[in-house]
Amino acid sequence: MSRACLVDLSKCFGCRGCQVACKQWNGLKAEKTRFFAGSYGYQNPPALSADTFTLVGYSELDTSKGLQYIFAKRQCMHCLEPACESACPVRAFSIDKETGAVTYDGTKCMGCRYCMMACPFGIPTFEWSKTVPYIRKCTFCADRTSGANIESELNGQPLTEESRQCFDESYSMPACAKTCPTGAVKFGEREALIVEARQRMANSPDRYTGHIYGEHEAGGTRWMYISPVPFEQLGFPPSEQIGTTPYPKYTHAALASVPYVVIGGGAVLGGLYWLYQRRLESQQGNAGERGGDA
C-alpha cells in the first residue's frame, strides 16, 4: 500500500486552513510573522521552520490568460526513496512501513544536518533557538494515517465495524487534507491519485500544464501536484534540476567506492613507505661505507 496526497493548485484559494490544522495537530507554537516576498511567492511566515511544517505561498503571475493568482502549499515531499534517509549516518530517518511517511527519531540524531544539505527540495529545518536542537519537518501525520488513534467507542457505546470503517476513512488522513474546504488536497493510494490527476488534465487541458510534479521527480514523492502554471514560476525546484533518479542511488554509488579507495590508498601509501625505507637504508649504508674508508 502506497499512500500519497494530490494537490490541485487550481482549486486552492489560499485560506491557509492547512497551515492552521497542521499547527494544531502537531502542537506547534505560533510565530511572529510578516508578509514576505520569497522563494514561494508571497507568504506568511517567510519560510518553513521548526514551528511551521506547511506553508502556503501566493503568486501573482502575468500569463497568456491574463493575471492569475496561484496559491501553492509546501511541505516535506516524502520521497519514495528519501535523500535525507540515505545521507543520515545514524539512521535517524526511516520510512514508516505502514504509512510510507518519512519519519525522524530525534533520540538518534547527532545534529550533523546532512539531511538538510541532501534534500533536493530544501525541506528539513533545524531548531536553532534550542540548546538541544532537533530536525523538524512535516510528518505526513503518520500518527493519524496509521489509524492508531481511532476510537473503539463513541459516547460510551462500542463502534460497529461499519462505523469504525467510516470513522477510519474520514479521520485517517493528514490534518491538512482533512481540513481543506475545496478539496485541493486529496489523500489516497498513490497510483489511484496519479490516474485521477491524468484524468483531470485530460478532461480540462486548458486548466493544467499537463505535468504531475512529484510523479517522477527524485524517483517519485508522496506529495504530488497539478497546476495551471509551470511549477518553476511558483518556486518549485525545476524538474530538470531535480531529475528522476532517486538520490540514494548517488549516495550508494559513492559509498560503494569507499572500500576500494581505502584499500587502494592504503596500498599506495604502503608502497611509498617501503620505497622511503629502502632509500633511507641505502643512504645509511653509503654513509657507513664512507666512514669505514676514512
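Mentor: What follows is a close look at one helix, then the sheet beside it, and then the wider surroundings.

First, the ground rules: this is a predicted model, where local features need pLDDT of at least 70, side-chain atom pairs count only at pLDDT 80 or more, and totals for chains, interfaces and linings use all residues. Residues are numbered from 1 along each chain as its sequence is written, and side-chain values use heavy atoms, with hydrogens and water left out.

The protein chain contains 10 helices and 13 strands. Both are DSSP runs numbered from the N terminus: helices (H or I) have at least four residues, and strands (E) at least two. Of the 294 residues in the protein chain, 40% count as buried. Here buried means under 20% relative accessible area, exposed means over 50%, and partly exposed is in between (1.4 Å probe, protein chains only).

Our helix is H7, residues 190-203. H7 has 14 residues and reaches 20 Å from its first C-alpha to its last, close to the 20 Å expected at 1.5 Å a residue. That expected span is 1.5 Å times one less than the number of residues.

Now look around the axis of H7. Its buried residues are Arg190, Leu193, Ile194, Ala197, Arg200 and Met201. They cover an arc of only 125 degrees around the axis, so they sit on the same side of H7. The arc is taken from the directions that run from the helix axis to the C-beta atoms.

What does the buried side of H7 pack against? The answer is strands E1, E12 and E13. H7 lies across these three strands and runs at about 130 degrees to E12. Such angles run from 0 to 180 degrees between N-to-C directions, with axes fitted to C-alpha atoms, for helices over the stretch in contact. Contact means heavy atoms within 4.5 Å.

Those 3 strands form an open sheet in the order E12-E1-E13, with mixed pairing. Two strands pair if DSSP finds at least two bridges between them. The edge strands, E12 and E13, each pair on one side only. Neighbouring strands of this sheet are turned by 25 degrees against each other on average, direction ignored. E1 and E12 run antiparallel and are joined by 5 bridges. For Val7, the bridge partner in E12 is Val185.

Because 7 of its 9 residues are buried, E4 is largely enclosed by the rest of the structure. E4 pairs with E5 in the antiparallel sense over 9 bridges, and a hairpin of 2 residues joins these strands. Thr63 has Gly66 as its bridge partner in E5. E4 and E5 are also among the elements that cover the buried residues of H1.

Finally, back to the first residue of our helix. Arg190 is one of the residues touched by Leu80, not counting residues up to four places away in sequence. Leu80 belongs to the loop between E5 and helix H2 (83-87), and is partly exposed, with a relative accessible area of 27%. Leu80 is also 134 residues from Gly214 in sequence, yet 9.9 Å from it in space, C-alpha to C-alpha. For the protein chain, residues 24 or more positions apart account for 59% of the contacts with a separation of 6 or more.
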